[in-house]
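Please open the structure in a viewer and keep the selection tool at hand.

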Amino acid sequence: MKKTAIVTDSTAYISDETAKEQDIHIIPLNVVIGNEAYQELVDLGTEQFYQEMAANEVLPTTSQPAIGNFVQLFESLAKDGYEEIISIHLSSKISGTYQTALSADDMVEGVEILGFDTEISCAPQSYFVLEAARLARDGQTAAEIIKHLQDLKQRVMAYFMVDDLNHLHRGGRLSGAQRIVGNMLKIKPILQFVEGEIVPYEKVRTEKKALSRIFDLLKEDADSRKVTEITVIHANRIEKAQEIVSMLKGIHTDIPISISFFGPVIGTHLGEGSIGICCSNHVFRSVKSLPDHKLVNVPWEPLRRFLAGRRLTQKEIPFPQSILEEHELAGYIQHTQGLTSSPHHMCKRCGNKDPSLFGRFNSPLKQEHIYYCRHCLALGKISSTTRLYTWKAPTPTYVIPSKPLQWTGTLSTGQSNASNQVIKAIQENSSILVWAVCGAGKTEVLFHGIEAALLAGKRVLLATPRTDVVKELAPRFKKAFPEVKQAALYGGHTKEDTSAPLILATTHQVMRFYQAFDVVIVDEVDAFPYTFDPSLKYGVLQAKKTDACEVYLSATPSKELRNEANLRVVRIPRRYHGYDLPVPRMVWCGNWKKALQKERVPKVVMQWIIEHVNQRTPALLFVPSIYVLDQVSAVLTTHQIRHAAVHSASEDRHTHIESFRAARLPLLITTTILERGITIPRVDIAVLGAEADLFTESALVQISGRVGRDHLAPTGDAVFFHYGKTLAMQAAINHIRKMNEEEVQA
Ligand SMILES: [Zn+2]
């Protein structure tokens, strides 16, 4: 039996005695009043907090625990011999605590850490924590406990109301607030947690009416769900809470009813006087009796749907270990160790063999080192003790409509030729490179081939190195194949039905698939990071079936790829609308770095910008680094030129791109993150510092390829502002000229 620790945060408002008695470890959140920061319930009691809040003009603020607190606690638990930790937290939609706990996982060794987002807070959060503690004592594994907590989510209800909505509104913790702002803030809505967010459930004018409505809702729950406990929660209003308890006792004679409180952190957001009522029907049940999986001849369908075609760690599979073991005994699944060790270490998921990219820690039980792969750590830790599970057979079948493709557009001559070659490659299970100029319409070239594959019962993967490209393609494929089940997978967006016959994914997400696809299409095959990271190629190789057809797409394929044996090459030298590619011009702009240091943008560049802003022609300005991006942006801000600046780490990147696309924003400054995958009608582009190393021939061809893509505006301006011409600049111009001269094959 593994030793499992239960960790939670202070907003479950579990008393010290209970925590001690039930072996629960608590991380406090912080409240700042005036200039003083306090850890709630550690150096700031609830009563004292409400006094301070009432006495201070400036309202308090809150903050999540520092990551160091988690690391310290997790390490000390590992030292105490715990092998697994379940860290249970308030809704990740209202606090970063859960994310911080997950991040701490990567910094602590020797113990398995599983996070759980309760999507709620306060007393209902404590239901989850106490249940987990009980299951841990009962000997359930961490995975089994998590499964049970997931089930519990459906069985916990909470309603609450606040005295003054402004607290929630001001703290940004109220969703759908636009519906009730203004004078509506005076009403008393009943609030609820929906998928972790606080949303108004019903508008009621008085507290009395709100309470009576909550009583009704509770009665419905009690009748339909067999409520087993009720808790009344108050923000410094004990008498009101006691009154409510005695009223409820008159209605629910056989259900235990207790009182809890909103402590400092939650009190900050709800305000004094708030009242909550929550209930649950968490009848204790053994996890082992939960799913109907008494298998002898038949595998359990949810597991098959989840695991078929994938290779996942136990942590990534949301089913109890016991189910995995039974399926393994019955021969439906198998596992391998995540790392092989002889003759050298190799990670089975990402193919990493570089000795410097393996970390190690001491096994807490045995006197030996445990190694783990640092290269694919972002996807979750794989160590020499990690098991990777795969589905053996049989795989699920898919329903494919008789006419999967609903796209009605027509192909240009060049597209049509390429499309036929792609169909042929798919039928013959051979490999092909489609070398198509920017704006040739290479996505449409795939449609008929994908349709042929789906009709032949083949599974199709479209992989691309860029998240933005997945996001841009997903709606187009939904429209083209409306009745075909599909999933789009990228970082932060992975909870899709991965058993779909058509999968769009970033090359990182592809690493979780195994021998799943009959057709593998890699779009933007020359884009960073695919070309620089061999593990992404390894991932694609692992995800495809042995004799799968491979289709590569690019406007700027590398020499190696162009010359690869067994790879047929088909070229589309012309855009779908038939016009030439705009040829970029080179303009010397002087020492732009020095100019920026003096908080100036070179004159020619400034003129280009101002002309575009005045004429309302969308302008996209590429710069070599985030540092330069910030410099340019600062100068333009001083000159009051409306713009946005985006790079790979900008959180609001997509909002800005959408504003630019919708012509609400005249100018967008960007790094090479937008060199491909983006289409804006009428856009002109400029590159500042085009001589920088990262502006390679292919990058400059791609950047210039943003111009003139729309058939209504097929021309436009592309300019390389430089402080010294480079071979790459010249090569990019030659490349474009050559494509313009080439004949289209029919
Ligand atoms: Zn790895």
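## Charges over rings

Select K3 and Y82: K3 lies over the face of Y82, at 4.4 Å from the ring centre. The model is a predicted one, and every value in this tour is computed from it. Next, select R310 together with F513. Here R310 lies over the face of F513, and the distance from the ring centre is 4.6 Å.

## Aromatic pairs

How many aromatic pairs does the structure hold? The count is 12. Select F70 and F74 as one of them; their rings are 5.7 Å apart, centre to centre, with 50° between the planes, and the pair is tilted. Display helix α3, residues 67–79, and both F70 and F74 will be found in this helix, 4 residues apart, which is about one turn of the helix. An α-helix has 3.6 residues a turn, so residues three or four places apart point the same way. With a surface displayed, note that F70 is buried and that F74 is buried too.

Move to Y332 and W391. Their ring centres are 6.2 Å apart and the planes are at 15°; because planes under 30 degrees apart count as stacked, the pair of Y332 and W391 is stacked.

## The zinc site

Select the zinc ion and display the side chains around it. Which protein atoms are the donors of the zinc ion? They are the SG atoms of C347, C350, C373 and C376, lying 2.3 to 2.4 Å from the ion. The angles among the 4 donor atoms run from 104 to 114°, and the site of the zinc ion is tetrahedral. For reference, the ideal angle for four tetrahedral donors is 109.5 degrees.

Now follow the donors along the chain: their spacing is C-x2-C-x22-C-x2-C. C350 and C376 link distant parts of the chain, being 26 residues apart. C350 is in the loop between β17 (346–347) and β18 (358–362), and C376 is in the loop between β19 (369–373) and β20.

Colour these cysteines by accessibility. C347 counts as buried at 0% relative accessibility. C350 has a relative accessible area of 1% and is buried, and C376 is buried with a relative accessible area of 4%. Elsewhere, select C589, which counts as buried at 9% relative accessibility. A search for disulfides gives a count of 0.

## Two loops with a positive phi

Select E119, in the loop between β7 (112–117) and α5 (122–137). Its phi is near 60°, a positive value in a residue other than glycine. E119 is partly exposed, with a relative accessible area of 28%.

Then select A663, in the loop between α22 (653–661) and β31 (667–670). A663 is not a glycine, yet its phi is positive, at about 65°. At 66% relative accessibility, A663 counts as exposed.

## Inside the helices

Go to helix α5 and select Y127 within it. Y127 is buried, with a relative accessible area of 3%.

Next, find Q631 in helix α21, residues 626–638. Q631 has a relative accessible area of 18%; because buried means under 20%, Q631 is buried. Leaving aside residues up to four places away in sequence, Q631 touches L596 and Q597.

The last stop is helix α23, residues 697–704, in which 6 of the 8 residues are buried, so this helix is largely enclosed by the rest of the structure. Select the buried residues of α23, namely A699, L700, V701, Q702, I703 and S704. What do the buried residues of α23 pack against? Display β29 (619–622), β32 (684–688), β33 (718–722) and α24 (727–741), against which they pack.

Definitions and conventions. Residues are numbered from 1 along each chain as its sequence is written. This is a predicted model: local features need pLDDT of at least 70, side-chain atom pairs count only at pLDDT 80 or more; totals for chains, interfaces and linings use all residues. Side-chain values use heavy atoms; hydrogens and water are left out. Rings of Phe, Tyr and Trp (its six-membered ring) pair if their centres lie within 6.5 Å; planes under 30 degrees apart count as stacked, over 60 as edge-to-face and the rest as tilted. Buried means under 20% relative accessible area, exposed over 50%, partly exposed in between (1.4 Å probe, protein chains only). A charge sits over a ring if NZ of Lys or CZ of Arg is within 6 Å of the ring centre and within 35 degrees of the ring normal. Donors are N, O and S atoms within 2.8 Å of the metal (3.2 Å for Na, K and Ca); water is not among the atoms, so sites may look incomplete. Four donors count as tetrahedral if all angles lie between 85 and 135 degrees; four count as square planar and six as octahedral if opposite donors are over 155 degrees apart and all others between 65 and 115; anything else is irregular. Contact means heavy atoms within 4.5 Å. A disulfide is a pair of cysteine sulfur atoms within 2.5 Å.
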